[in-house]
Amino acid sequence: VGAALPVDVLTYEEKTLSAILRVVSSGLVKLWSALTLLGFYQNRRCAFRVLQTSPFLLALSGNSRELVL
């Protein structure tokens with residue numbers, strides 16, 4: 001509340017437990033720190049792995065290394 005940071009969950013895939021989060025660039029370090037410090041949620045252990053970051057949402061839509069022409 002005192003240090004609230006607006007974060008949008010754009011997509012969430014329950015099968016792989018992966019999500020795309022959107023946060024203003026000035027809040028990236030705060031969000032990353034909060035995820036790093038969170039070890040339990042609802043009395044269950046949890047951990048987060050950041051796979052990719054980008055200032056552009058379009059860049060997250062695909063992987064150029066897997067591009068097939």
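Which residues does UniProt list for "transmembrane region"? Select residues 20-41: the unreviewed UniProt entry gives this range. Keep in mind that the model on screen is predicted.

**Stop 1: the annotated range**

Now pick the C-alpha atoms at its two ends.

**Stop 2: the salt bridge**

Next, select Arg22 and Asp8. How many salt bridges does a search of the whole structure find? The search finds one. Arg22 and Asp8 form a salt bridge, and their closest N and O atoms are 2.9 Å apart. The pair ties together distant parts of the chain: Asp8 belongs to strand 1, Arg22 to strand 2, and 14 residues separate them. Side chains of opposite charge can pair when their charged atoms come close.

**Stop 3: the nonpolar patch**

Select Val7, Val9, Tyr12, Leu17 and Leu21. Together they make a nonpolar surface patch of about 480 Å². Zoom in on Leu17. This residue is in the loop that runs between strand 1 (8-13) and strand 2 (18-22). Leu17 has a relative accessible area of 65%, so it is classed as exposed. The cut-off for that class is over 50%.

**Stop 4: the largest pocket**

Hide the surface and show the largest pocket. What is its volume? The volume is about 1,700 Å³. The lining of this pocket has 39 residues. Select Ala19, Ile20, Leu21, Leu35 and Arg49, which lie nearest its centre. Then colour by element. Strand 1, strand 2, helix 1 (28-37) and strand 4 (44-45) each give two or more residues to the lining.

**Stop 5: the segment before strand 1**

Finish at Ala4, in the segment before strand 1. Ala4 is exposed, because its relative accessible area is 60%. Ala4 and Lys30 are 26 residues apart in sequence, yet 9.9 Å apart in space.

Notes. Residues numbered from 1 in each chain as written. Predicted model: local features only at pLDDT ≥ 70, side-chain atom pairs only at ≥ 80, totals over all residues. Heavy atoms only, no water. Patch = residues over 30% accessible without salt bridge, like charges linked within 9 Å, V, L, I, M, F, W, Y side chains within 5 Å. Areas by Shrake-Rupley, 256 points an atom, 1.4 Å probe, with all protein chains shown as cover. Salt bridge = Lys/Arg side-chain N within 4 Å of Asp/Glu carboxyl O. Helix = DSSP H or I, 4+ residues; strand = E, 2+ residues; numbered from the N terminus. Buried < 20%, exposed > 50% of the residue type's maximum accessible area, 1.4 Å probe, protein only. UniProt positions renumbered as here; feature names shortened; annotations may be inferred. 1 Å grid on protein atoms, 1.4 Å probe; cavity = no way out; pocket = protein on both sides within 12 Å on 5 of 7 lines; lining within 4 Å. Points joined across faces, edges and corners; volume = space filled by probe spheres on them.
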